[in-house]
Amino acid sequence: MPIFEINSFRGGLADYEDKGLPGSFKFASNIDIRKLKDSLTCQQALIDEGIQSAISSRSPSASRSPSASNSPSPSLSVSPSTSASPSGAGSSSTSPSASRSPSASLSASTSLSPSTSISPSPSPSAGLVSVFSDLIRIFVKCSDGNLYGFGNTGKVYKRPSTNYWLQVFDLHKPIVGAYLVFATATELHRKEIPGNSSWNDVDKAGSVQGDTWPKTNLDSVAWHMMTQVGGDVIIANNNKLAMSAYDDSYTNEALDLIPGRIAQAVIERSGRAVVGSYLASDPINGVNGMIDTEVPLSQVGIDGYIYYNDFRNSISVKRFPGGGKINPSGVCNEVSQAEFFDWAQTALSWIDKQNVGNMALFAVYGADSGKGGLYTYGRKNKNQPFVMNLDYQFDADELGAVVNMGGTDIVSYRLGSTFGVKAVDQNNKAIGIYEGLDLKAPSKFPIQLTQWKEAVLLMAPLAAGCSVEFWYRCNKNGNFIQAKTADGISQYSKSNGMKAVFRIDAQGEYFEPRVVCNPQANITPEVYKVRLLFN
């Protein structure tokens, strides 16, 4: 009996539905393709941070701030829980709190296919509160060793240790750019580091006589993204660049852009500022965010396209499979560290530097259901393929910003009126979904329909509590159908089992395979091969 065999899973999201790099697939979520073993396994899950005991948590208003107004205490808020289950079935979800979420999935579907979805819990559970009361739109890793988050209503949060967050300041105005110099729509503020823990030294006067803060002459725009270039902070400012220099000088018009262009994103490259912009007459099709990894990339428009931004190539390199977009702060390097410098003796400072950064991480929202979340693009080692993967699937109304802190990927989100921060959970795996490329039945004579008979999954010994499922669709028509074993069981979960056989018995010239891996805590099924028997 003829056999199709899938024995590689490292090729990432393919450019075509029926062909791609060796080991590529049409779609997948929450699978780990960048490990040193080419097998199908689950990726780590995401877990909420900043969920604290109401007894032990304190209001940030206990400390004084220069605004002379008390900042509100964090209040009880809805905290999302992540559920992954076949659509059309009941959603079994795990809340970041100790209690289960009774709510239905927000991405319910009449489809029989499995999907991952977000379902809100009615509360973090009794006695727990969320630190976050607005959407963090910018993360800043600071020289004092802390991670700071700047919210869309003016709140500033600090992460001094793993999982722990506290609110340290409230500007009471939306913050639209930050580099520990931080901006509202029209104002530029700054904070001495480490300075006072109460943050009552915000806008402390500089060393230059007459230098007062805040600066109040920025143009009112949605984003004032910033980066450090040659010791100066360069700030996107409408159709200009503003600059706060290392010598305490400041100007809101360091550079005028081409007329009609609005600066949206700015990064440093080779000692220069690189600006991503959009046409004032067409704001939705401009540059949303940029990152320099092994290759320089930019995300453009609302339909998920990624382009080279190296000033030579003008070509789309990839598209997120469900469309969507990122915020200007919704992209980062998983590893980013300035280590190599080039200096000319006659130069005032270094003229070039090389960042150690191996892979881009995109926080994508506004995508099709089940296709939002954290995508990686790149490679970890030279001999691995340069590919895209949806490592952490997470649908939300908005993903604000993403950062890698101490080796942990962290993303902020908004879901309705709920705000939070999720981080990679090193103690739990997520449900992994793999959808292979379209398989085309070979030509035959006499002409007859191909009969697909069985799917065989060859695995490492299956751990107790883990299971695998097989789904399929023929002729690219209708919903995915779940196959069952000879015993009529939908999930193969035999402890130490190494061979799961699912019956198909379907006809079609095109065949789409789907494998679902269900982990147990931090233990994942591991599939080595998928064999599809047909005649």
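1. Two strands are taken to pair if DSSP finds at least two bridges between them, and the strands themselves (E, at least two residues) are DSSP runs numbered from the N terminus, as are helices (H or I, at least four residues). The model is predicted, so that local features need pLDDT of at least 70 and side-chain atom pairs count only at pLDDT 80 or more, whereas totals for chains, interfaces and linings use all residues. Residues are numbered from 1 along each chain as its sequence is written, and side-chain values use heavy atoms, with hydrogens and water left out.

2. Strand E37 (residues 451–459) pairs in the antiparallel sense with strand E42 (residues 527–534) over 7 bridges, and 7 bridges also join E37 to strand E40 (residues 499–507), again antiparallel. Val456 has Arg531 as its bridge partner in E42 and Val501 as its bridge partner in E40. Of the 9 residues in E37, 7 are buried, where buried means under 20% relative accessible area, exposed means over 50%, and partly exposed lies in between (1.4 Å probe, protein chains only).

3. An open sheet of 3 strands has the order E13-E14-E15 with antiparallel pairing, and its edge strands, E13 (177–178) and E15 (188–190), each pair on one side only. Strand E14 (residues 181–183) is joined to E15 by 3 bridges, with Ala183 standing opposite Leu188 in E15.

4. How many salt bridges does the structure hold? There are 28, a salt bridge being a side-chain nitrogen of Lys or Arg within 4 Å of a carboxyl oxygen of Asp or Glu. In one of them, Lys476 meets Glu17, with the closest N and O atoms 2.7 Å apart; this pair links distant parts of the chain, 459 residues apart, with Lys476 in the loop between strands E38 (467–474) and E39 (481–482) and Glu17 in the loop between strands E1 (3–6) and E2 (27–29). Lys476 is partly exposed at 39% relative accessible area, and Glu17 is partly exposed at 44%. Both residues belong to a network of salt bridges that also includes Lys26, Asp438, Arg473 and Glu512.

5. Glu435 and Arg514 form a salt bridge with an N to O distance of 1.9 Å. Because Glu435 lies in strand E35 (residues 432–435) and Arg514 in strand E41 (residues 510–518), the pair ties together parts that are 79 residues apart in sequence. Glu435 is buried, with a relative accessible area of 9%, and Arg514 is buried at 6%.
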